[in-house]
Structures are given as structure tokens and as C-alpha cells.
Amino acid sequence: MYIEQINKIYHPIIRGVKVIKNENINSLIVKSNTGLGKSYMLDKILKELKVDYVLFKGSITEARFFQFIQENKNKCILLRDTGNLLKNSKFLDFLKSATDTIKVRKISRLNYAEHDIEDTIEFTGKLIWEINDIPKRNQEDLDAVISRSLFIELNPSRFEIKDLMLDICKKRIEKRVTNYLIEKSVLLGRNEFNLRTQTKCLAIAKSSIRDRLDWKKSIDLFLTTHTSEPRKLLYRLTGEIPVKRIEFVKYLMKEKNLSYSIAHKRIDEWILLEEIYSESKLKQAKICLNVLNVSK
């Protein structure tokens, strides 16, 4: 079951890499939120398909970047963590030239003599770049690059992420920790349920077991420090003990300078989103971080 779900999530990347390897498309863009395993899977797929690739990561000066391009002009270049470069108009000029749908793309630049860079690079390589979001700056240039590229956006559901997390587990303790994280995922902010959080929890559990500590309590502590704002506010007021709704209203009015009606409205929204829980819909009901017995 897990393998089927993983193939479903990452099949577009597998097909995309095959296309740029074998067809006359020179650029692949893979977009997703952070912590969904796109870097891991791209490395894995490129190796499995025996693609001759080199990783470019982070920021660099324009001269050094073009030196890198010159040295790897016949390879597949994997661009990772290069968000700042996407805001650079000269880098975008390079991308527009490099992603053109012809075999040999001539990329002309100023002569950086001190770095031994040619005036013109005959680029025959391919480009794969990972992005978490598309900057609004230089939108016209970015659109031109995207139109020349194969664009894939990963958007797995929470159920698919759970299956992916469980498939990663190789040891029994890893599966126990992951199942515990899934069970406690309500403690997290809505955008933090991902593989990075799982990696941190596995490391915390390993360290706790080594130091003869309760790994579940250690993970609980970690999760509550990475929780959403509504849960932080309620925890700050009462911990995990149920409290009358009116007390939380008064707390929000003081801490967040909200009016009485807006405080109630916020609480209704948080209950609807299951950030916090209420025993009933009545305004005098108790609320808590955990599920309460709901009155009929």
C-alpha cells in the first residue's frame, strides 16, 4: 500500500526526468511545499536513471555562477535552494537562454577574465530546479522560463504524507515514533506536517532512548513548541486543562487587544478548524487543547 501511494506522489517527477533526459525539453521545474521529499526523490531518481548530473546549491556571485556553468556545460544541473537567484535578472537571462528547446544553446556574458570565463558558453546540458514558491519579482521573465520548461507541482494529501512517512521507516522504533507523530499531529501548526518534522522527531526519540528518557514526553515537548498560534495562546492560559470559554475570551481581549465579539468569532473559527476543542456550542462551555466529550 505504501509503495503504491509513493509511486502515485512521485510518478510525475519520474516521468519528468525521463522526458528531459530523452526528449528535446531542456528544463524541469519541480515545485512543492518544504519537507515533502522532493530533494530526496530527485537525487534517488537521477541516480536510478543514471543521469550525469551535478548539484548547484545556494547563492553565489554572478561570475562564479557562470564559471560553474562553463565547467558543467554538458551535464544535467540540479538547482537547489536557489530562491535568491530567481530574483536576479541576469540569472533569469541565463535561464531563458539555457532552457531554449534547441540542442546547443549559446549563452553570452561579459568576459570575467579573472575567473577565466569565456565570452560565450555553448551549453548542451539540462536543468532541473526545485522551488518552494514562485517569486512575484521579475514575473515576466519567470513566465518565459516556465513556458520553456516542464513544470510539475507536488501537492500530496495528509494521507499520502502519512504513507510516505511510514515507508521511510526501516526499524520498529522508527515506525512507533512515526505513528506517535501521526497521532499527535493535531499539536502541530497546519503547515508543519511533513518529513522534516518526522526527521526531527526520530532524532529526538533516538537521543531520549540513549539518555534513558521518555521519548514520548520529549516529542510532546517539541511539538508544543512548534504549534499553531491559537494553540499556543490557549496553552499559555491553561496548559492542557479545560477552561471556560469566557476566560479564554477575556485572555484574548487582553493579550491580543480584541473586542468581545471578535474574540468569540476567532474562537469559533479555531474550533471549526479543530485547532482547539469545545464540549458544546454554548458560550459557557469549556474548551481545551484536546478533544472533550461533546454534549448532545
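At roughly what angle do the axes of helix α7 and helix α8 cross? In this predicted model, the axes of α7 (residues 172-183) and α8 (residues 195-210) cross at roughly 120° and come within 10 Å. Angles of 65 to 115 degrees count as roughly perpendicular and those over 145 as roughly antiparallel, so α7 is oblique to α8. The crossing of these two helices is right-handed.

On the α7 side, the contact is made by Ile173, Glu174, Val177, Thr178 and Leu181. Helix α8 answers with Thr197, Gln198, Cys201, Leu202, Ala205 and Ile209. Sorted by class, the residues of this contact comprise 7 nonpolar, 3 polar and 1 charged.

Let's turn to another pair of helices. Helix α3 (residues 62-71) and helix α4 (residues 89-98) have axes that come within 11 Å and cross at roughly 20°. Because angles under 35 degrees count as roughly parallel, α3 is roughly parallel to α4. Here, too, the crossing is right-handed. From α3, the residues in contact are Glu62, Phe65, Phe66 and Ile69, while α4 brings Lys90, Phe91 and Phe94. This contact of α3 with α4 has 5 nonpolar and 2 charged residues, with no polar ones.

Here are the two pairs side by side:

| Helix pair | Axes come within | Crossing angle |
|---|---|---|
| α7 and α8 | 10 Å | roughly 120° |
| α3 and α4 | 11 Å | roughly 20° |

Now for the pockets. How much space lies in the largest pocket? The volume comes to about 730 Å³. Its lining is made up of 34 residues, and those that lie nearest the centre of the pocket are Leu36, Gly37, Lys38, Ser39 and Tyr40.

Which elements give two or more residues to this lining? They are the helices α1 (2-22), α2 (38-48), α6 (158-168) and α8, together with the strand β6 (126-131). By class, the lining of the largest pocket has 13 nonpolar, 10 polar and 11 charged residues.

Terms used. Residues are numbered from 1 along each chain as its sequence is written. This is a predicted model: local features need pLDDT of at least 70, side-chain atom pairs count only at pLDDT 80 or more; totals for chains, interfaces and linings use all residues. Side-chain values use heavy atoms; hydrogens and water are left out. Axes are lines fitted to C-alpha atoms, for helices over the stretch in contact, and angles run from 0 to 180 degrees between N-to-C directions. Helices (H or I, at least four residues) and strands (E, at least two) are DSSP runs, numbered from the N terminus. A crossing is left-handed if the near helix is turned anticlockwise from the far one by less than a right angle, and right-handed if clockwise. Contact means heavy atoms within 4.5 Å. Ala, Val, Leu, Ile, Met, Phe, Trp, Tyr, Cys and Pro count as nonpolar, Asp, Glu, Lys and Arg as charged, and the others, Gly among them, as polar. On a 1 Å grid over the protein atoms alone, a cavity is a set of points where a 1.4 Å probe fits but cannot get out, and a pocket is an open set with protein on both sides within 12 Å along at least five of seven lines; lining residues have an atom within 4 Å of a point. Grid points are joined across faces, edges and corners, and a volume is the space filled by probe spheres set on the points.
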